[in-house]
Amino acid sequence: MVLSAFVDRRHRTTRCFAPSISPSRVRLSFLLCLLLVTVRASAADGPVSLHNGEVWSGLALGMVLSIVVAVFSRTRVKSAESEIKRLKDLANHREYERNVAQQELVRRLEEERELAKEKMQFESQLSDYEKYASLAQLALGAAHEINNPLLGILSHLELEWRDAGAERREEIEQCIEGAKRISSAVRGLLDYARPGPLTLSNINLWRLADETLKFVAHQPMFRQIELQNCVPPDLPTITADSNQLSQILMNLLLNAAQATAPGGRIAILADKARFADVVELRVRDTGCGIPADILPHVFEPFFTTKRGKGTGLGLSISQAYVRSHGGDIQVESIPECGTTVRVTMPMRQAGKMVRHSEEVIA
């Protein structure tokens with residue numbers, strides 16, 4: 001009964017601490033079994049006197065118990081290792097799921113950010129289109145009401161100028177100049193509000209820039225400014241409306257000249273996008289630049305900082321022409337360092353008729 005109680009206690013101890021049983025503990029259990037056999041023999045015969053048979057039986061019992069304990073311990077260790085591996089795999093799987101969830105969250109946040117950005121762009125474009133429609137109605141309604149009387153006024157002023165003396169002629173010339181400015185403003189408003197249909201042709205940008213620079217080089221405001229044509233001669237031709245493209249380039253050059261002091265430099269540059277069928281045309285100057293608070297308003301009709309020197313429609317008309325080609329125009333400027341205007345346009349106008357003759361401004 002004592003031996004069975006010991007085995008039962010040993011079994012419970014092994015079940016609780018099996019993963020941590022070491023060979024020293026196995027040897028200890030063997031010695032305890034041997035001691036137990038010795039105690040039983042002493043209790044039965046009186047004085048301690050072990051016979052060979054009892055010793056060998058104790059040793060055998062100890063070895064059996066040691067083997068049982070070792071096998072049970074190994075089983076418990078393997079079971080514990082399997083459980084640890086399962087828990088580790090579960091932790092790795094949960095960590096993987098957490099990483100996937102985080103990546104999905106980041107992706108959705110980026111999508112929401114892009115959607116918000118696109119929404120702002122669409123709202124801005126919608127505002128521009130609403131302004132465009134309002135100006136179109138205004139221009140179409142006012143053009144005939146202003147230009148027809150204006151032509152009569154100009155004709156009468158020219159007749160008065162012929163018969164007037166020197167002092168009167170100066171006043172009449174001021175009136176004629178003011179009338180021409182009114183006519184120019186109305187014509188520019190019409191061009192902005194209702195661009196004509198595109199007449200497409202193949203255009204060599206190097207030749208276009210060269211002819212435009214030759215045309216403006218003789219004007220007084222360009223005589224003390226260095227003009228540079230930095231467009232690569234081998235740049236592929238593009239399809240565009242030559243009249244509108246030359247008008248865009250002319251407006252950008254006039255704006256650059258008005259902002260550039262004598263001795264400054266104006267350059268025309270162009271290149272093709274590396275991975276897209278798009279060309280970028282740039283006009284860069286070394287002028288006074290545009291302050292940051294004015295830069296967002298440069299494309300607004302009639303907005304100008306050059307009082308008495310312009311109508312404020314040059315960039316607005318240029319923007320309308322660029323958009324009619326499916327392109328975009330942007331202005332980058334640093335005060336006291338200069339301004340760069342970037343015109344980005346597709347090289348081909350899909351679905352539109354193209355004249356085969358190469359068109360260049362003369």
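**Sheet, helices and core in a predicted model**

Strands β2 and β4 pair in the parallel sense, over four bridges. Asn229 stands opposite Ile268 in β4. The model is predicted.

β2 and β4 belong to an open sheet of five strands. The strand order is β2-β4-β5-β7-β6, and the pairing is mixed. β2 (residues 226-229) and β6 are the edge strands, each of them pairing on one side only. From one strand to the next, the twist averages 15°.

The other pairings can be followed through β7. Eight bridges link β5 to β7, in the antiparallel sense. Within this pairing, Val279 has Met345 of β7 as its bridge partner. β6 and β7 also run antiparallel, joined by seven bridges. Here Ser333 stands opposite Thr339 in β7. β6 and β7 form a hairpin with three residues between the strands. In this hairpin, Glu336 takes a positive phi near 70°.

α6 touches β4, β5, β6 and β7. The direction of α6 makes about 25° with that of β5. α7 touches β6 and β7. The direction of α7 makes about 140° with that of β6.

A further strand pair involves β1 and β3. β1 (residues 200-203) pairs with β3 in the antiparallel sense, over four bridges. Ile203 has Ile238 as its bridge partner in β3. β3 covers residues 238-241. Ile238 and Ala240 point one way from this strand, while Thr239 and Asp241 point the other way. All four of these β3 residues are buried.

Helix α5 packs against α6. The axes of α5 and α6 lie 11 Å apart, at an angle of about 50°. α5 is therefore oblique to α6. The crossing of α5 past α6 is right-handed. On the α5 side, the contact is made by Leu205, Leu208, Ala209, Thr212, Leu213, Phe215 and Val216. On the α6 side, the contributors are Leu245, Ser246, Leu249, Met250 and Leu253.

The largest nonpolar core holds 40 residues. Leu205, Leu245 and Leu253 touch the most other members of this core. Helices α5 (205-216), α6 (242-259) and α7 (314-324) are among the elements that give two or more residues to it. The strands that do so are β3, β4 (265-272), β5 (278-285), β6 (328-334) and β7 (338-346). α6 gives the most, with eight residues. Leu205 illustrates the contacts in detail. Beyond its neighbours within four places in sequence, Leu205 is in contact with Val231, Leu235, Ile238, Leu245, Ala270 and Val279. Among these contacts, Ile238 is the bridge partner of Ile203, and Val279 is the bridge partner of Met345. Leu245 also takes part in the contact between α5 and α6.

Another core lies apart from the largest one. This core has seven residues, among them Leu150, Leu154, Ile176 and Ala179.

Key
Residues numbered from 1 in each chain as written. Predicted model: local features only at pLDDT ≥ 70, side-chain atom pairs only at ≥ 80, totals over all residues. Heavy atoms only, no water. Buried < 20%, exposed > 50% of the residue type's maximum accessible area, 1.4 Å probe, protein only. Pairing = 2+ DSSP bridges. Core = buried A, V, L, I, M, F, W, Y, C linked by side-chain atoms within 4.5 Å. Contact = heavy atoms within 4.5 Å. Axes fitted to C-alpha atoms, helices over the stretch in contact; angles between N-to-C directions. Parallel < 35°, antiparallel > 145°, perpendicular 65-115°, else oblique. Left-handed = near helix turned anticlockwise from the far one by under 90°.
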